[in-house]
Amino acid sequence: MEYVIVGGEMLERSLATVDVEDRGYQFGDGVYEVIRVYNGRMFTGKEHLDRLLESAEKIGIKIPYETVELEQMLKRLIEKNGLTLGTVYMQFTRGTSPRNHAFPSNVTPTFVAYTRKVDRPVGSMEDGVKAILVEDIRWLRCDIKSLNLLGNLLAKQKAVEAGCFEAIQHREQVVTEGSLSNISIVVNGVVRSHPANNLILNGISRQKVKEICDRDGIPFIEEAFTVEELRKADEVFLTGTTVEVTPIIEVEKQLIANGRPGEVTKKLQKLLKAEIEKECGTLA
């Protein structure tokens, strides 16, 4: 039996309901997070939950729980569903009220969470993936992990229709991020990633890779790069909760370097795996 959390209460999924006038459903008025689960344990759970509360604060949603309370609820949900490898998804909307653009007063946020089995993308990490380029048409507060993902969905669909895994977005000629990931390049052994400002979501995996680089002496700079620099890079990789560190070996049918995962990318994969195992136990 699969269980979910609605409004802080754990119940069978078949019994879960959300009101039709919930502002998340009608306006996308809410925030969310996805946390990776390995061996039944959340990886970087606190970091994700802290960001959830930060996103909520940025749009004026008052979440009625502390990080530690949310963490305990999610742990119980993972255990209840017997999840060993996968993800736990959670979101808060502003709540339910008669439809009106203005924020309602005295409304209780709606909290929903569920789990899903998701394998590690071992094949993609070993062989690399293909990507296309798309114009970044999203709003100017991409630092907020909001429910408004239509721009990301349109970009991802274009990638799927082109037979590619990811769509690399750019504003004019400056690369921002992927439809579901952060994008980094490697030039002469130096990792470059777009600055963590309002134009990208500062991914938890991206932050973890930066920590690893700083610790292990791999040069990492937060500096914007262009589409042309992306095409000429020695290596390109994406980072994300479900994709870990995945090489991009081809962009717009043009090979990146020799079309094989690069040495820096492969090193970061191993170092990130070690961090996961330190927190969650040995991976198969």
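**Strand pairing and helix packing in a predicted model**

Q: What makes E1 and E2 a pair of strands in this predicted model?
A: Strand E1 (residues 3-6) is joined to E2 by four bridges, and the two run antiparallel. A pair needs at least two bridges, so the four found here qualify. Within this pairing, Tyr3 stands opposite Glu12 in E2.

Q: Why are E2 and E4 called edge strands of the sheet?
A: The six strands form an open sheet, ordered E2-E1-E6-E5-E3-E4, with antiparallel pairing. Strand E2 (9-12) and strand E4 (41-42) each have a single partner strand, so one side of each lacks a neighbour in the sheet.

Q: Which residues make the contact between H2 and H3?
A: From H2 come Lys46, Leu49, Asp50, Leu52 and Leu53, and from H3 come Thr67, Leu70, Glu71 and Leu74. By class, the residues of this contact are five nonpolar, one polar and three charged.

Q: Which strands does H3 lie across, and at what angle does H3 run to E6?
A: H3 lies across E1, E2, strand E3 (30-38), E4, strand E5 (86-93) and strand E6 (110-117). The angle between H3 and E6 is about 40°.

Key. Residues numbered from 1 in each chain as written. Predicted model: local features only at pLDDT ≥ 70, side-chain atom pairs only at ≥ 80, totals over all residues. Heavy atoms only, no water. Contact = heavy atoms within 4.5 Å. Nonpolar A, V, L, I, M, F, W, Y, C, P; charged D, E, K, R; others polar. Axes fitted to C-alpha atoms, helices over the stretch in contact; angles between N-to-C directions.
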